[in-house]
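Hello,

Here is the structure I promised to pass on.

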Amino acid sequence: MTIAPGERVTLQGESGVGKTTLLLCLAGFVEAESGAVSFNDEPLLTLPADRRPVAMLFQEHNLFEHLSVIRNLTLALQGVDEALILTEAGRLGVDELLEKMPAQLSGGQRQRVALLRTLLRPEPVVLLDEPFAELDAKTRELAADWVQEKVEASGKTLILVTHQDEDVARLSQRNIIITG
């Protein structure tokens with residue numbers, strides 16, 4: 001599979017077919033059994049996860065429970081202007097939650113915080129694993145539009161795993177169906 005720089009690709013397929021595993025492999029959290037992965041003609045499989053040009057949103061959101069939302073964001077987004085973080089938090093409707101602890105947030109609120117943390121990072125490749133699964137229809141539309149705007153404005157490459165055809169229609173330039 002070849003994905004062009006700046007392309008927005010969605011991945012679909014039955015549960016258990018390996019969509020999440022593929023993202024984890026690209027990010028460096030799972031070792032590839034075969035094949036090759038490169039970015040700008042540079043091999044990635046030998047690079048540790050922290051040196052890959054990838055920002056990933058996991059299904060679990062992965063927030064530090066002992067840190068406030070704003071501390072989670074500023075820790076993950078070192079070097080990003082805090083005013084930008086606050087502005088974008090407002091656009092996603094989580095600006096009122098910044099002083100709360102992750103345990104005080106709903107699943108959908110945690111998901112939007114995780115989206116902020118992932119999309120505001122500098123890496124040129126964004127991997128999103130079911131990023132809108134816990135959002136109501138209105139918030140899902142808001143978040144999807146925000147993701148599309150951020151990816152297009154930054155020229156980032158987006159690879160998004162989803163079971164929802166509406167996500168494909170809204171965000172994808174190309175949809176890849178993975179079969180077992």
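Let me start with N40, which sits in the loop between β2 and β3 (42-43). Strands here are DSSP runs of E with at least two residues, helices are runs of H or I with at least four, and both are numbered from the N terminus. N40 has a positive phi of about 50 degrees although it is not a glycine. Most residues other than glycine have a negative phi. With a relative accessible area of 54%, N40 is exposed (exposed is over 50%, buried is under 20% and partly exposed lies in between, with a 1.4 Å probe and protein chains only).

Before going further, please keep in mind that this is a predicted model, where local features need pLDDT of at least 70, side-chain atom pairs count only at pLDDT 80 or more, and totals for chains, interfaces and linings use all residues. Residues are numbered from 1 along each chain as its sequence is written, and side-chain values use heavy atoms, with hydrogens and water left out.

E130 also has a positive phi of about 50 degrees without being a glycine. E130 belongs to the loop between β5 (125-129) and α5, and at 12% relative accessibility E130 is buried.

Now the helices. In α1, the buried residues are K19, L23, L24, C25, L26 and A27. They pack against β1 (8-12), β4, β5 and β6, where contact means heavy atoms within 4.5 Å. Just after α1 comes G28, with a positive phi of about 95 degrees.

Helix α3 (residues 82-91) buries I85, E88 and A89. These cover an arc of only 105 degrees around the axis, so they lie on the same side of α3; the arc is that of the directions from the helix axis to the C-beta atoms. Their cover includes α2 (69-76), α4 and α5. Just after α3, G93 has a positive phi of about 75 degrees.

How do α4 and α5 pack, and at what angle? Helix α4 (residues 107-119) and helix α5 (residues 137-154) meet at about 5 degrees, with their axes 11 Å apart. The axes are lines fitted to C-alpha atoms, for helices over the stretch in contact, and angles run from 0 to 180 degrees between N-to-C directions. The two helices are therefore roughly parallel to each other (angles under 35 degrees count as roughly parallel). From α4, R112, L115, L116 and L119 meet T139, A143, W146, V147, K150 and V151 of α5. The residues of this contact divide into seven nonpolar, one polar and two charged; Ala, Val, Leu, Ile, Met, Phe, Trp, Tyr, Cys and Pro count as nonpolar, Asp, Glu, Lys and Arg as charged, and the others, Gly among them, as polar.

There is one aromatic pair, taking rings of Phe, Tyr and Trp (its six-membered ring) with centres within 6.5 Å; planes under 30 degrees apart are stacked, over 60 edge-to-face and the rest tilted. F29 and F58 form this tilted pair, 5.4 Å centre to centre and with 55 degrees between the planes. F29 is partly exposed at 48% relative accessibility, whereas F58 is buried at 17%.

Finally, L160 in strand β6 (residues 157-161) is buried, with a relative accessible area of 0%. Among the residues L160 touches, not counting those up to four places away in sequence, are V9, L11, L128, F132 and L171.

Best wishes

Key: Parallel < 35°, antiparallel > 145°, perpendicular 65-115°, else oblique.
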